[in-house]
Amino acid sequence: KQLQQLDGLNIAYAGIIFEKNSPRYGGDLLNKDALKNADFDLKKVGVFNNPDLIDVIDAIGDYGLDVVQLQGNESPELCDDLSSQAEVIKVFGIDESVKDIDTLVANYDGVCDYYLFESKNEDELFDWEILGKAKIEKPFFISGGISVDDIAKIKKFKHLDFLGVNINSRFEKEHGVKDMGKVLAFVQGTK
């Protein structure tokens with residue numbers, strides 16, 4: 001139902017958590033065939049953290065995933081192996097210890113379709129200024145601590161390869177349940 005609502009709001013990507021230890025784990029809650037055969041304009045993103053290759057490949061086939069988002073310490077080789085099965089988003093945690101984005105992503109440049117830069121502390125925004133100084137040259141998302149209150153800051157952020165925002169916990173009523181009112185307010189505010 002939430003995927004249908006997000007699709008109706010013209011959301012481009014919707015994540016499904018496949019981390020079994022997460023309170024947002026969605027793998028057992030969804031009808032595999034219904035999801036695989038759903039006619040959505042949005043891309044279904046499977047979110048994984050340090051998975052085994054076979055588990056991701058199985059999920060791509062079972063759920064009809066369009067994209068995989070790799071949240072952990074996945075190697076460039078794993079990203080490359082998966083890139084023939086689905087689009088790949090590699091996530092990089094950012095905090096004050098990260099000084100050079102281009103060096104951080106260099107080994108992943110040829111094996112991922114997108115990057116996602118998120119705050120290592122999900123309750124806080126990281127300093128997006130570091131991204132403005134980077135070449136990156138691959139479409140990327142930002143995430144971590146973003147709420148409806150950050151719309152003005154997002155609209156001011158400029159980078160040629162900035163694709164969009166990954167909204168998550170601050171847009172939930174409870175773990176895994178989006179507050180569609182907040183999502184709608186965010187979508188309308190960022191137009």
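Guide: Helices here are DSSP runs of H or I with at least four residues, strands are runs of E with at least two, and both are numbered from the N terminus. Keep in mind that this is a predicted model: local features need pLDDT of at least 70, side-chain atom pairs count only at pLDDT 80 or more, and totals for chains, interfaces and linings use all residues. Residues are numbered from 1 along each chain as its sequence is written, and side-chain values use heavy atoms, with hydrogens and water left out.

Visitor: How much space lies in the second largest pocket?

Guide: About 330 Å³. Of the 16 lining residues, Phe18, Lys20, Tyr25, Phe48 and Asp55 are the closest to the centre of the pocket. A pocket, on a 1 Å grid over the protein atoms alone with a 1.4 Å probe, is an open set of points with protein on both sides within 12 Å along at least five of seven lines, and lining residues have an atom within 4 Å of a point. The volume is the space filled by probe spheres set on the points, with grid points joined across faces, edges and corners.

Visitor: How does the lining divide into nonpolar, polar and charged?

Guide: Six nonpolar, two polar and eight charged. Asp, Glu, Lys and Arg count as charged; Ala, Val, Leu, Ile, Met, Phe, Trp, Tyr, Cys and Pro as nonpolar; the others, Gly among them, as polar.

Visitor: OK, strands. Which strand is E1 joined to, and by how many bridges?

Guide: Strand E2 (residues 43–48), by five bridges, and the two run parallel. Strands pair if DSSP finds at least two bridges between them. Ala14 stands opposite Lys44 in E2.

Visitor: Which face of E1 is covered and which uncovered?

Guide: In E1 (residues 13–17), Ala14 and Ile16 make up the covered face, while Tyr13, Gly15 and Ile17 are on the uncovered one.

Visitor: Switching to charges: how many salt bridges does a search of the whole structure find?

Guide: Five, where a salt bridge is a side-chain nitrogen of Lys or Arg within 4 Å of a carboxyl oxygen of Asp or Glu. One of them is Arg24 with Glu172, the closest N and O atoms being 2.9 Å apart. Arg24 lies in the loop between E1 and helix H2 (32–36) and Glu172 in strand E8 (residues 172–174), so this pair ties together parts that are 148 residues apart in sequence.

Visitor: And is Glu172 buried or exposed?

Guide: Glu172 is buried, at 13% relative accessible area. Arg24 is partly exposed, at 23%. The cut-offs are under 20% relative accessible area for buried, over 50% for exposed, and partly exposed in between (1.4 Å probe, protein chains only).

Visitor: What does Asp62 form a salt bridge with?

Guide: Lys32, with the closest N and O atoms 3.6 Å apart. Asp62 lies in helix H3 and Lys32 in helix H2, so the pair ties together parts that are 30 residues apart in sequence. Another salt bridge joins the side chains of Glu74 and Lys90 (3.1 Å, N to O). Glu74 is in the loop between strand E3 (67–70) and helix H4 (76–83), and Lys90 is in strand E4 (residues 87–94), 16 residues apart. Both Glu74 and Lys90 are buried.

Visitor: Backbone check: which non-glycine residues have a positive phi?

Guide: Among them are Asn50, at about 50°, and Ile136, at about 55°. Asn50 is in the loop between E2 and H3 and is partly exposed at 44% relative accessibility. Ile136 is in the loop between helix H6 (129–132) and strand E6 (140–143), and counts as buried at 4%.

Visitor: Last one, aromatics. How many pairs does the structure hold?

Guide: There are 15 aromatic pairs. Rings of Phe, Tyr and Trp (its six-membered ring) pair if their centres lie within 6.5 Å; planes under 30 degrees apart are stacked, over 60 edge-to-face, and the rest tilted. Tyr13 and Phe141 are edge-to-face, 5.3 Å centre to centre with 85° between the planes. Tyr13 lies in strand E1 and Phe141 in strand E6, so that pair ties together parts 128 residues apart in sequence.

Visitor: Which residues form the aromatic cluster?

Guide: Phe92, Tyr108, Tyr115, Phe117, Trp128, Phe140, Phe157 and Phe162 form one cluster. Two of its members, Phe92 and Tyr115, are both buried.
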